[in-house]
Amino acid sequence: MQTFFATAAAGTEDLLEEELRNIGIRSLRAGRGGVRFQGELSQALEACLWVRTGMRILLPLASFPAPDAEALYAGARAVAWADHLTPRHTFAIDATGTSDTLRHAHFTALKVKDALCDVLREKTGQRPNVDAHDPDVRIVVHLSRGRCDLSLDLSGEPLFKRGYRRDPTRASLKETLAASVLMAAGYDGTRPLHDPMCGSGTLAVEAALMAKNRAPGLFRPFGIERWPAFGPEHRKLLADLRSQARANERKETPLIRASDRDPEAVAAAQANVHRVQLPIEVFEADAREVKPIAPGAYVVINPPYGERLEAGGRKNLKTFFWQLGQAWRELEGHRIAVLAGGPEFERAFGQRPLARRRLYNGPIECQLLTYEIRAARAASDGASAGRRLVPPPGR
Ligand SMILES: C[S@@+](CC[C@H](N)C(=O)[O-])C[C@H]1O[C@@H](n2cnc3c(N)ncnc32)[C@H](O)[C@@H]1O
């Protein structure tokens, strides 16, 4: 048994905890920025392969007080680096956080690099090289409240890089955030789903991966595969986990749709869907023309946030959200999930959310609002009888 730390975006730690529990990990504790867990290496590999919301799986090496540069160097020098790295392997150091006297991540990384190279030079007469872009071993350094945590990164490239998206558009969601939105909205892969403002299709693809029970990391490599200590028995273990995952994929999947009114977005979504090779209907349409699927089906959107995006300014955005509220009254029994980047959506949509939850899209604080569309009310305000195209004054 070893201790590992799975990192997560702020506000999604509980979702990651649930995912790790589902893998069969029993000893785990969610905290700020992730979940600490104890398990076998095979479970950490399963986590790399299976978690949809987590960003990295780390193997902690050391944790020590680091009030200043000397203490940081001394603590990093005490690590048995030769167990993890040889002079023939490249490495990169990813430093985050600050302490009173260590304010620059670049300087923190340099100090740890010096300690690591000094240890290996003394032991072998040579030092390994840095490769910032494609290292064999990634080292993660985190400073917080005067302490330094040093870890190795089993995932390598962060886990949101599933491999199906080559050219994310400006407003694309990270795959891990899209998965978090779906899980937090209660989507479990058994229901039909439509994202009618799909952009590059991330929400629909993540939903299809869940529906297929496909391990999100199935077709990508992990950093640990390049570690010197990753021997043939580990390779076999990972290969077995991959083929087991393939064997457990579901044959039948519910209907998944992705549409957008922008032909370029539709083309990007089609390319991503093609790479992931899952049955998702992709087409061009206006979100106000969504067709009902069936009670219990999900409609999930990540609408534009502000002036710069296609809907044409905040005022138009409000009108557009109001029109969505009117048009979607026809989606009786459907569950709606909206990752809203500002208060405009909730006000203009005009229905009371069943639940709300804070999530972060990078630095942007968002609200995930979930609704269930009830039977259209009697034509009390005229809107459900003949659809209005502009909101009443004051909306
Ligand atoms: C924030 S982006 C969605 C990004 C997407 N979740 C992704 O990960 O790529 C919002 C999308 O809404 C689309 N959109 C704006 N107005 C629309 C409308 N009336 N009908 C359909 N799509 C619309 C835009 O073209 C844009 O692709």
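A residue counts as near a molecule if one of its heavy atoms lies within 4 Å of it. Keep that in mind, please. The model I am showing is a predicted one.

Let's start with the ligand. Which residues come nearest to the ligand? They are Leu173, Ser200, Thr202, Asp260 and Ala287, out of 21 residues around it. What kinds of residue make up the shell? Ten are nonpolar, five are polar and six are charged.

Now some contacts. Take Thr202. A polar atom in the side chain of Thr202 sits 2.6 Å from a ligand oxygen. Next, Asp260. An N or O atom of the Asp260 side chain is 2.6 Å from an oxygen atom of the ligand. Then Arg261. Here the backbone takes part: one of the polar backbone atoms of Arg261 is 3.4 Å from a nitrogen atom of the ligand. How much of the ligand does the protein bury? On its own, the ligand exposes 610 Å². The protein buries 97% of that area.

On to cysteines. A disulfide is a covalent bond between the sulfur atoms of two cysteines. How many disulfides does a search of the whole structure find? Look at Cys198. Cys198 is in no disulfide, and the nearest cysteine sulfur belongs to Cys366, 18 Å away. A disulfide needs the two sulfur atoms within 2.5 Å. Is Cys198 buried or exposed? Its relative accessible area is 6%, so Cys198 is buried. The cut-off for buried is under 20%. Cys48 has a relative accessible area of 2%, so Cys48 is buried too.

Next, the aromatic rings. A pair of aromatic rings is described by the distance of the centres and the angle of the planes. The structure holds eight aromatic pairs. I'll show you two of them.

First up, Phe320 and Phe321. Their ring centres are 5.9 Å apart. Why is this pair called tilted? Because the planes of Phe320 and Phe321 meet at 45°. Phe320 counts as buried because its relative accessibility is 10%. Phe321 has a relative accessible area of 3%, so Phe321 is buried as well.

Next, Phe345 and Phe349. This aromatic pair is stacked, with 4.7 Å from centre to centre and 25° between the planes. Where do these two sit? Both are in helix α10, residues 344-349. They are four residues apart there, so about one helical turn separates Phe345 from Phe349. Phe345 and Phe349 are both buried.

Now put the pairs together. Phe320, Phe321, Phe345 and Phe349 belong to one aromatic cluster, along with Trp328 and Tyr371. Find that cluster in the structure.

Last topic: backbone angles. Most residues other than glycine have a negative phi. Here are two with a positive value.

Arg145 is not a glycine, yet its phi is positive, about 45°. Where is Arg145? In the loop between β6 (137-144) and β7 (147-153). Is Arg145 buried or exposed? Its relative accessible area is 81%, so Arg145 is exposed. The cut-off for exposed is over 50%.

Gln277 also has a positive phi, near 55°, and is a residue other than glycine. Find Gln277 in the loop between α8 (263-276) and β10 (281-284). Gln277 counts as exposed because its relative accessibility is 57%.

How values were computed:
Residues are numbered from 1 along each chain as its sequence is written. This is a predicted model: local features need pLDDT of at least 70, side-chain atom pairs count only at pLDDT 80 or more; totals for chains, interfaces and linings use all residues. Side-chain values use heavy atoms; hydrogens and water are left out. Buried means under 20% relative accessible area, exposed over 50%, partly exposed in between (1.4 Å probe, protein chains only). A polar contact is a pair of N or O atoms within 3.5 Å; within protein, one must be able to donate a hydrogen and the other to accept it, and residues adjacent in sequence count only if both atoms are side-chain atoms. Accessible areas come from the Shrake-Rupley method with a 1.4 Å probe; for residues, only the protein chains shown count as cover. Ala, Val, Leu, Ile, Met, Phe, Trp, Tyr, Cys and Pro count as nonpolar, Asp, Glu, Lys and Arg as charged, and the others, Gly among them, as polar. Rings of Phe, Tyr and Trp (its six-membered ring) pair if their centres lie within 6.5 Å; planes under 30 degrees apart count as stacked, over 60 as edge-to-face and the rest as tilted.
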